[in-house]
Amino acid sequence: MPAVSKGDGMRGLAVFISDIRNCKSKEAEIKRINKELANIRSKFKGDKALDGYSKKKYVCKLLFIFLLGHDIDFGHMEAVNLLSSNKYTEKQIGYLFISVLVNSNSDLIRLINNAIKNDLGSRNPTFMNLALHCIANVGSREMAEAFASEIPSILVAGDTMDSVKQSAALCLLRLNRTSADLVPMGEWTARVVHLLNDQHLGVVTAATSLITTLAQKSPDDFKTSISLAVARLSRIVTSASIDLQDYTYYFVAAPWLSVKLLRLLQCYPPPEDAALRSRLTECLETILNKAQEPPKSKKVQHSNAKNAVLFEAISLIIHHDSEPTLLVRACNQLGQFLQHRETNLRYLALESMCTLASSEFSHETVKTHIETVINALKTERDVSVRQRAVDLLYAMCDRSNAKQIVAEMLSYLETADYSIREEIVLKVAILAEKYAVDYTWYVDTILNLIRIAGDYVSEEVWYRVIQIVINREDVQGYAAKTVFEALQAPACHENLVKVGGYILGEFGNLIAGDSRSSPLVQFNLLHSKFHLCSVPTRALLLSAYIKFINLFPEVKATIQDVLRSDSQLRNSDVELQQRAVEYLRLSCIASTDILATVLEEMPPFPERESSILAKLKKKKGPGNLPDIDDARRNVNGSTEHSENTEAPKKSSPSLVADLLPTNRPRPASSSPIMRSAGTMGTTHPFTDLLNLNATPSAGASLLVDVFSESPAPASVDVCEENFLRFVCKNNGVIFENQLLQIGLKSEYRQNLGRIYVFYGNKTSTQFLSFSTSVASCDMLKTQLNVHAKTVDPLIDGGAQVQQMLNIECVSDFTDAPVLNIQFRYGGTLQNIAVKLPVMLNKFFQPTEMTSQDFFQRWKQLGAPEQEVQKIFKAKHPMDTDVTKAKILGFGVALLDGVDPNPANFVGAGVIHSKCTQVGCLLRLEPNTQAQVKMYRLTLRTSKDTVSQRLCDLLSEQF
Amino acid sequence: MIKAILIFNNHGKPRLRTNNTLFTLFSLSNNLFFSHFLPETFHLVSKRDENVCNFLEGGMLIGGSDYKLIYRHYATLYFVFCVDSSESELGILDLIQVFVETLDKCFENVCELDLIFHVDKVHNILAEMVMGGMVLETNMNEIITQVDAQNKMEKSEAGIAGAPARAVSAVKNMNLPEMPRNINIGDISIKVPNLPSFK
C-alpha cells in the first residue's frame with residue numbers, strides 16, 4: 001500500500017497548483033498568484049471565522065506561493081493558530097509553515113513557544129515530535145531559553161518513546177550549536193552517554209551525533225563514551241550482515257551508525273586502556289579485511305555503504321597515527337582505490353591520502369603511489385578529482401621527488417582549469433623554493449611559471465624570486481643571464497618584464513662582459529617592452545634605468561635622452577612624470593660617488609615568513625592545507641637543508657625559514673635611502689620608493705629634503721574610549737582591537753611625568769615597520785612637552801614591546817596629546833590613534849590642611865571666576881568608599897572633618913607646572929535623598945581655566 | 001551537518017528546499033535563493049557529466065571550502081545536499097538513495113509531479129530523516145511506518161473533506177506533456193550515476 005494516498009488532501013490547493021502550471025507566461029503566473037493572494041487575504045480578514053480545514057488550505061497555498069519564489073508577508077498568525085488545533089494535519093501544516101517561513105527573531109515567537117510548550121507536555125509522541133522538529137529547525141535563542149532545560153529530561157526519561165528520544169537528541173544538539181550557553185550540563189550528560197547502549201539503533205545514531213558535538217566542546221566530560229562506542233562498534237562490525245535487520249543497508253550492517261561512532265572516536269586520542277585499544281584495533285582490522293572480501297551485492301549502494309565505513313575507519317587510523325601496520329594497510333587500501341573505476345572512490349582516496357602523507361609512518365608508502373597520482377592529474381576528466389591530485393602531490397612532495405613533482409605540476413599548468421591555476425602557481429612556487437638545492441633550478445622554475453601562467457602569478461611570487469636572488473650571491477649572475485634570455489622572446493608576460501627589469505637593474509653588470517648582452521643591448525631590450533607595459537611596470541623600469549646609469553656610465557647619455565623625451569617628462573601619469581624628472585635631475589647633478597651611494601645594490605632581505613605560504617593558507621582556509629613542516633620532515637628529511645650551507649651567505653641559507661615579509665620586497669635597513677630599484681605599490685608609490693615607510697626615523701639623508709614630503713599620516717579616528725577611565729588611575733589598558741593591545745603604566749612627580757606604553761601583538765604574525773609618534777595641537781605644544789623614546793620597528797607575534805614617554809607640564813592645559821601608531825600587518829598599513837590620558841590633575845600634589853585653613857583659603861578664592869560649580873546626575877551607585885578612592889586617585893588630599901556635613905567630601909591640592917603652581921580646593925556634595933541621585937561639585941582655584949578643566953574631568957567620574 | 005537540501009529538475013526549477021539552519025539567509029529571502037543560490041548550484045551541477053564524481057567543492061556561495069555539494073541525478077530530478085566536513089560523503093550519497101527509495105514507496109513510482117502537488121508530504125518524509133541538519137533516521141521501514149501512521153491520522157481526520165480526490169488525479173494525468181512519468185526506482189531500471197556497466 002502506498003503510504004501517501006494521492007487522492008486525499010486539499011482540492012483547492014491542487015486546482016491552484018495546476019492553474020499555475022498551466023500559465024503560459026510569467027506574467028500570467030504572477031497575475032494568478034496575486035489573485036490568489038488577494039483572495040486569501042480577504043478570507044483571513046473576513047468577518048466569518050474560518051474553520052480549521054480552510055485555514056490549513058490557505059496556509060498551505062501561501063507556503064506553495066512562497067516556494068515558487070514570492071515573498072509572503074501575512075498569514076503567520078493563522079499558521080500559529082493552526083498549532084493549537086487538535087487535528088494532526090492542521091498542526092502539521094502550521095509547524096511546516098513556521099519552520100519554513102518564520103524568522104527566528106519574529107515577534108510571534110512567544111505565541112509559537114506557547115504552542116510548543118503545550119505539545120511537548122501533551123505526551124502524544126506525534127505532537128511531541130512536531131514540536132521538537134520545530135525547535136530544531138528554527139533554533140532561535142528565545143526557543144533555547146524556553147526549552148533548553150526541558151529537553152534533556154525528555155531525552156533521558158525512561159518512558160519516552162524511541163522516536164521522541166531521537167528527535168530530542170538532535171533538538172538538543174541544535175540548541176547546543178546555536179546557544180551553547182543556555183544548554184545546562186548536568187547529571188543528564190552521564191545518562192546520555194549510556195544511550196550508546198540503547199536497543200534502538202536510531203536512538204543510538206542520534207545520541208552519537210549529539211555526543212560527538214558535546215565531546216568536541218568538553219572532551220573530558222564525555223570520556224566514558226569511548227569504551228561504549230568501541231563496544232558498540234565491535235558488535236556491529238562482527239555481526240552477521242542480517243543481525244541488525246532493518247538497519248542493514250544493502251548487506252552492510254548499520255553503516256551510518258558505524259560512521260558516526262568512528263567520528264566520535266576521532267574526538268579522542270587512542271584509548272589508553274590496553275584491552276580497549278586492542279579491541280578497537282581489532283574492529284579496524286575487521287573493517288579493512290572486509291574491504292578485501294568479494295562484494296555481497298553488485299549494487300552500487302552496497303559498495304557505497306561499505307566504503308563509507310571504510311573511509312571513516314581510515315580517517316580514525318590517520319587521526320590516531322600510532323599503529324604503523326594499520327597505517328600502511330590503510331595506505332595500501334587507498335592505493336587500490338586510486339585506480340578504482342568509480343570516480344567517487346578515486347576522489348575520496350586522494351583526499352584521505354593527503355592527510356596520510358603527513359604521518360611519518362606512512363609518508364614513504366604514500367610516495368610509492370606518485371606515478372598513479374601524476375597519471376590522475378593528466379587523465380582524470382573531473383576537475384574535482386584533479387584538484388585533489390594536485391593537493392596530494394603537494395603533500396607528498398619532499399626532497400627526493402621535488403623535481404619530478406614540480407615538473408609535472410608545471411606541465412599540467414599549461415592545460416589546467418582556470419579555477420585552480422592560481423593555487424597551483426602558489427604551490428609550485430612554494431615547493432620550488434622549499435626543496436631547491438640548486439637555486440638555478442629555482443630561478444628556472446619561477447620563470448617557467450611566469451611564462452606558462454603569467455596572469456596567475458601574484459605579486460607575492462615574483463617578489464619572492466627577487467628576494468631570493470638578492471639574498472643569494474651565487475645565483476645572481478645566472479638569474480641575470482636567464483632573465484635576459486627570457487626577455488628576448490617576442491611576447492613575454494608583464495610579470496617577466498618586472499622581474500627582468502629589477503634583476504637587470506641590480507645585476508646587469510654581471511653579464512655585461514659578454515658583447516651579446518652589453519649594457520646598451522640590455523637597455524634596448526628592456527626599453528623595447530616599455531611601451532607595452534602598465535604604469536606600475538613602467539615606473540619600475542624607470543628605476544631600473546637610473547640604476548643602469550650608475551652601473552654603466554657608458555649608456556648614461558642614451559638613458560638621459562629617453563628620460564628627457566616628452567613622453568616621459570610630460571607623461572600624463574604623475575608618478576611616471578615625477579620619476580622621470582627626478583631621475584633625470586639626479587643623473588645630471590649628482591657626482592659619481594653620490595650616485596653610487598644612492599643607487600647601491602639592494603641589501604639582503606631579512607628572514608620572514610613566506611607570504612606565499614600565507615596566501616595559500618588563506619586560500620585554502622586553515623586546516624585544509626597539510627602542514628608540510630611537521631615532524632615527519634625531521635625524520636626523513638634531516639639532511640633537508642644541510643647542503644645549502646655549503647655556500648656561505650650573509651643571510652641564512654635555509655630558505656624555508658627565509659620567509660617573506662608583507663607584500664613587497666623592501667629591506668628593513670634603509671640607510672642608503674634610494675637603493676631600491678623601485679617596486680611600485682599603488683598605495684604610497686613614492687614614499688615606498690624612498691623607503692620612508694619602513695623606518696621613518698632612519699631618514700637622515702640629504703636626499704630626503706630633495707624628494708620627500710613626509711608621509712602624511714592618514715587621518716584616523718582618534719580613540720578616546722578609555723580616556724576618561726584614566727582620570728583617577730594611572731595604569732591599565734587604554735586601547736585594544738583584534739591586533740594590538742596598548743597598556744599604560746604612568747607615574748607623576750610635581751610637574752614631571754613618565755608613561756610606559758606597552759604594545760602587545762595579539763596575532764601570531766610579526767608587525768613590521770612599527771612606529772609611533774605623539775602629536776599635540778599647536779597650543780598644547782607650548783603647554784606640555786612630550787618626549788617619546790624610539791620603539792623597536794618589529795614586534796613578533798605574541799610579543800610585547802615597551803616605549804617610554806617623558807612628559808613635562810609647562811603650564812595648565814586642557815587638550816590631550818594623541819599617540820599615533822603605524823605598522824604593517826599582513827601587507828596592509830594599520831593606523832591607530834589613541835588619546836593619551838595626560839590630564840591636568842595628574843600634576844596634583846595633595847595638601848593636608850586643617851578645617852580652619854581650608855575655610856580661610858576657600859574665602860580667599862571667592863572671586864566669581866575662580867569658582868566653578870556643576871550639578872550632575874550620578875552615573876554610578878553612590879558608595880562612600882569608591883568616591884573616596886576616586887577623589888584620592890584624582891590627586892588631592894581628602895580632608896576629613898572639615899565639612900560640617902559628614903556625607904560631603906572635601907579635598908585640597910596643588911597643581912604643579914613649570915611656570916606656576918595653582919592651589920585647588922574642592923567640595924563634593926552627594927544628594928542621596930532625591931529621587932534621582934545627584935551631586936554638586938564645587939571647585940575653587942586661583943586660575944579660572946584650571947577650575948573649569950578640573951571640574952570637567954572630575955564630574956565625569958561619579 | 002547538512003546545511004541545506006535542494007531538489008530541482010533538469011531545467012533548474014526548484015522542487016524542494018529546506019529552510020535549513022545556517023541557510024536562513026536563503027530560506028527567508030527568496031531573492032537571494034532565486035537570484036544566486038539556485039542558479040549557481042544548478043549551473044555547477046547540471047553541466048557535469050554522468051561519469052564524474054558526485055562531490056563538488058563549495059565556492060564562496062555556499063560558505064567556503066569547508067562545504068561540499070553532494071548530489072545525485074535521477075531521471076528529471078537533481079537531489080543536492082550541501083554538507084560540511086563532518087559528514088561522510090558516501091554516507092550522504094546513501095542517504096539520498098534512501099530518501100528517493102522512501103519517496104518511491106510512499107508515492108508508488110514517484111515522479112516529479114508528486115513533488116509538485118505534495119510539497120507538504122515530501123517535507124514530512126524528509127523531516128522523518130533529517131532534523132535540524134542532522135540525520136535522524138536511516139531505516140526505511142521505520143520512516144515508512146511513521147509516514148503511514150501520519151497518513152492514517154490524516155484519513156481519519158479528513159472524513160468527508162477528502163472526498164473530491166479524483167479531481168487531483170485527473171489534473172495530474174492532464175498535465176503530462178513531455179515529462180518522463182516515473183523516476184523508476186525499482187530494481188530493474190534504477191538510474192545510478194557512476195556505474196555505467198550496471199545491469
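What follows is a conversation about a predicted model and the terms used to describe it.

Colleague: Why is A:Ser258 called buried?

Modeller: The relative accessible area of A:Ser258 is 1%, and buried means under 20%, so A:Ser258 is counted as buried. This residue lies in helix H14 (residues 255-265) of chain A, and, leaving aside residues up to four places away in sequence, A:Ser258 touches A:Leu233, A:Ile236, A:Ala253 and A:Val309.

Colleague: What makes A:Asp159 and A:Arg123 a salt bridge?

Modeller: The closest N and O atoms of A:Asp159 and A:Arg123 are 2.9 Å apart, and a salt bridge requires a side-chain nitrogen of Lys or Arg within 4 Å of a carboxyl oxygen of Asp or Glu, so the pair qualifies. The pair links distant parts of the chain, 36 residues apart: A:Asp159 sits in the loop between helix H9 (150-156) and helix H10 (162-178) of chain A, while A:Arg123 sits in the loop between helix H6 (109-120) and helix H7 (125-138) of chain A. Both A:Asp159 and A:Arg123 are exposed.

Colleague: How do you know that A:Arg472 and A:Asp474 form a salt bridge, and which of the two is buried and which partly exposed?

Modeller: Their closest N and O atoms are 3.8 Å apart, which is within 4 Å, so this pair also counts as a salt bridge. A:Arg472 has a relative accessible area of 3% and is therefore buried, whereas A:Asp474, at 47% relative accessibility, is partly exposed, because that class lies between the 20% and 50% limits.

Colleague: Why is A:Arg516 called exposed, and what is A:Asp514 called?

Modeller: A:Arg516 has a relative accessible area of 64%, and exposed means over 50%, so the term applies to A:Arg516; A:Asp514, at 31% relative accessibility, counts as partly exposed. The side chains of these two residues, A:Arg516 and A:Asp514, meet in a salt bridge at 2.8 Å, N to O. Elsewhere, salt bridges that share partners join A:Glu351, A:Arg388, A:Asp391, A:Glu423, A:Lys427, B:Lys68 and B:Glu89 into one network, and the count over all chains comes to 42 salt bridges.

Colleague: What makes the length of helix H23 (residues 418-434) of chain A close to the expected one?

Modeller: Helix H23 of chain A has 17 residues and reaches 25 Å from its first C-alpha to its last, which is close to the 24 Å expected at 1.5 Å a residue. The helix is also mostly covered, with 14 of its 17 residues buried.

Colleague: Why are strand S2 (14-17) and strand S3 (55-57) of chain B said to stand at the edges?

Modeller: The open sheet of 5 strands in chain B has the order S2-S1-S5-S4-S3, with antiparallel pairing; S2 and S3 each have a single partner strand, so one side of each is left without a neighbour in the sheet. The twist averages 20 degrees from one strand to the next. In chain B, 3 bridges join S3 to strand S4 (residues 68-74), and the definition of pairing asks for at least two, so S3 and S4 count as paired. The bridge partner of B:Leu56 in S4 is B:Leu69.

Conventions: Residues numbered from 1 in each chain as written. Chains lettered and ligands numbered in written order. Predicted model: local features only at pLDDT ≥ 70, side-chain atom pairs only at ≥ 80, totals over all residues. Heavy atoms only, no water. Helix = DSSP H or I, 4+ residues; strand = E, 2+ residues; numbered from the N terminus. Buried < 20%, exposed > 50% of the residue type's maximum accessible area, 1.4 Å probe, protein only. Contact = heavy atoms within 4.5 Å. Expected span 1.5 Å × (residues − 1). Axes fitted to C-alpha atoms, helices over the stretch in contact; angles between N-to-C directions.
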